[in-house]
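Subject: A structure for you to explore

Hi there,

Here is the structure I promised to pass on to you. Have a look at it first, and then read on for what I found.

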Amino acid sequence: MLTNAPKGTKDIMPDQVYKWHYVEKKWKEICERYGFKEIRTPMFEHTELFQRGIGDTTDVVQKEMYTFNDHGGRSITLKPEGTSPAVRAFLEHKTYAEVQPTKIYYDIPCFRYEKPQSGRLRQFHQFGVETFGTPNMVADAEIIAIGYDFLTEMGVTDLTLEINSVGCPVCRANHRTALKEFLKPKYDQLCDTCKSRYEKNPMRILDCKSPIDQALVEGAPMMLDYLCDECKEAFEELKENLEAMNIPYVVNPKIVRGLDYYIKTAFEFVTNSIGAQGTVCGGGRYDNLAEEVGGLPIPGVGFGLGKERLLMLMEANGVEIPEPRICDAFIATMGKDAKLFGQKLMRDLRKEGIKVQMDDLQRNFKGQFKYADRIGAAYTIVIGDNEMQMGAANLKNMETGEQVEVKFEDLAKAIKEK
RNA sequence: GUGGGUAUCGGCAAGCGGUUAAGCCAUCGGGUUGUGGCUCCGAUAUGCGUGGGUUCGAAUCCCACUACCCACCCCA
């Protein structure tokens, strides 16, 4: 029991971390290529930030947050997402007083108390980007472009970009009224889930998986038809920008966001190849969020991208992530003198930046070779009585089997050359 | 929160009520004190998720619990 990680958490073991390093490095590279800077916010925030930011009625806030009181009586919550904390930091540090827009990226753990399943964990990790300070659709398109380029460069193929506009509070309310009006006479026929969605989030009914509900929803008023002039224009601009950048998309009028702060642009990169949780990246615009959490009205747009889901998708797509070599040279020794000398040699070579290892288990000579092979050493340096006398080691290339005598002082150079 | 599935060595896995629980991979040791990957030999579960029960006898049947997986919901 004590030797089990808590439900919904996963260890990333040493033989797997290189994959994480790989995507993290690429993520940093691409964000910086786009002119974004990294931000690091705390692991936890005041609970109220999320209640106000994400929205009191959302599932995330109502039943999924890891919330506790600290010893000072403050209600604290492990962050379930990255946008609200980023906005909070932007406001707190009055970054709006600097040249705008502000473009940031991050790489964070998130915590949500959910029932784990494929692609869904209680502690998961996401990459994110946010652009603050511009209401212009150019920013939305740029955010989407980062996601598109990143995913593409990671070798992911079976992925679709779906976009939608969820309108603004005004047009969304109109649509909601019209939709409920439309659904009212059919209410009794809806599935139980949708009955509960009727009041809370009727837009979700449009996306119900039940074929019965799908039929009932036929001809229902769609958000896109209810957009006000401003929102409609914005959506057109977004599409124009995406087309100009050659980013393929499909309009999915059924995309709904579960976080209250989204307005206008909503988008998702979705796949079918990693199970039911197919959204690898999702985001949108949130012009009212800053004000909602008590700050100035600062427009923003961004996305979150699930690292675990990305890794799953890469695996499903057969993307090969190169495993770095952990040992350039293994020093195999015979006899005590050689072993002690090997210790010194190992230190010298390590100072040269070479990855060197020796036996830690008192293996016999043959065992040392076997071990060198197992850990994938590129070279084995052999030192015994003969070598000690000659002042040169036998350097064996483990791949070709080729062996040469190399003076101790020339070893670093010889190994680095290949 | 609601469903469904699975639990035998580090990994994969046979076993389907009857003497000592297959096998493969991995690991460790060895094949005459100096060279790995191939090959050969040997070692490694008194134990079958946990606790009860049925039975002369259970990994094999029943019950409960627990863990993990998958799906709904929701989302990254």
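Around RNA strand B there are 50 residues, and the nearest of them are Arg197, Arg204, Gly258, Arg374 and Asn386. Please keep in mind as you read that this is a predicted model. Of the RNA atoms that come within 4 Å of the protein, 56% belong to sugar and phosphate. If you sort the residues of this surface by class, you get 22 charged, 17 polar and 11 nonpolar ones.

At Ser118, a backbone N or O atom is 2.9 Å from a phosphate oxygen of RNA strand B. Several elements give two or more residues to the surface near the RNA, including strand S6 (123-132), helix H7 (192-200), helix H15 (385-390) and strand S15 (392-397). Which element gives the most to this surface? That is H14, with six residues.

Now zoom out to chain A as a whole. Its domain assignment lists domain 1 (14-168 + 228-316) and domain 2 (329-417). Note that domain 1 is written as two stretches of residues. The centres of the two domains, taken over C-alpha atoms, are 50 Å apart.

Helix H1 (residues 17-33) packs against helix H5 (residues 137-153) at an angle of about 140 degrees, and their axes are 10 Å apart. The crossing of H1 and H5 is right-handed. On the H1 side, the contact is made by Val23, Lys26, Trp27, Ile30 and Arg33, while H5 brings Ile146, Asp149, Phe150 and Glu153. Sorted by class, this contact has five nonpolar and four charged residues, and no polar ones.

Finally, two details of the backbone are worth a look. The peptide bond that joins Gln100 and Pro101 is cis, with omega about 0 degrees. You will find Pro101 in the loop between helix H4 (83-92) and strand S5 (102-111). The other detail is Lys264, which has a positive phi, near 50 degrees, although the residue is not a glycine. Lys264 sits in strand S9 (residues 263-270).

Enjoy exploring, and do write back with any questions!

Best wishes

How values were computed
Residues numbered from 1 in each chain as written. Chains lettered and ligands numbered in written order. Predicted model: local features only at pLDDT ≥ 70, side-chain atom pairs only at ≥ 80, totals over all residues. Heavy atoms only, no water. Axes fitted to C-alpha atoms, helices over the stretch in contact; angles between N-to-C directions. Helix = DSSP H or I, 4+ residues; strand = E, 2+ residues; numbered from the N terminus. Left-handed = near helix turned anticlockwise from the far one by under 90°. Contact = heavy atoms within 4.5 Å. Nonpolar A, V, L, I, M, F, W, Y, C, P; charged D, E, K, R; others polar. Near = heavy atom within 4 Å. Polar contact = N/O pair within 3.5 Å; in protein donor to acceptor, adjacent residues only side chain to side chain. Domains from an automatic or database assignment.
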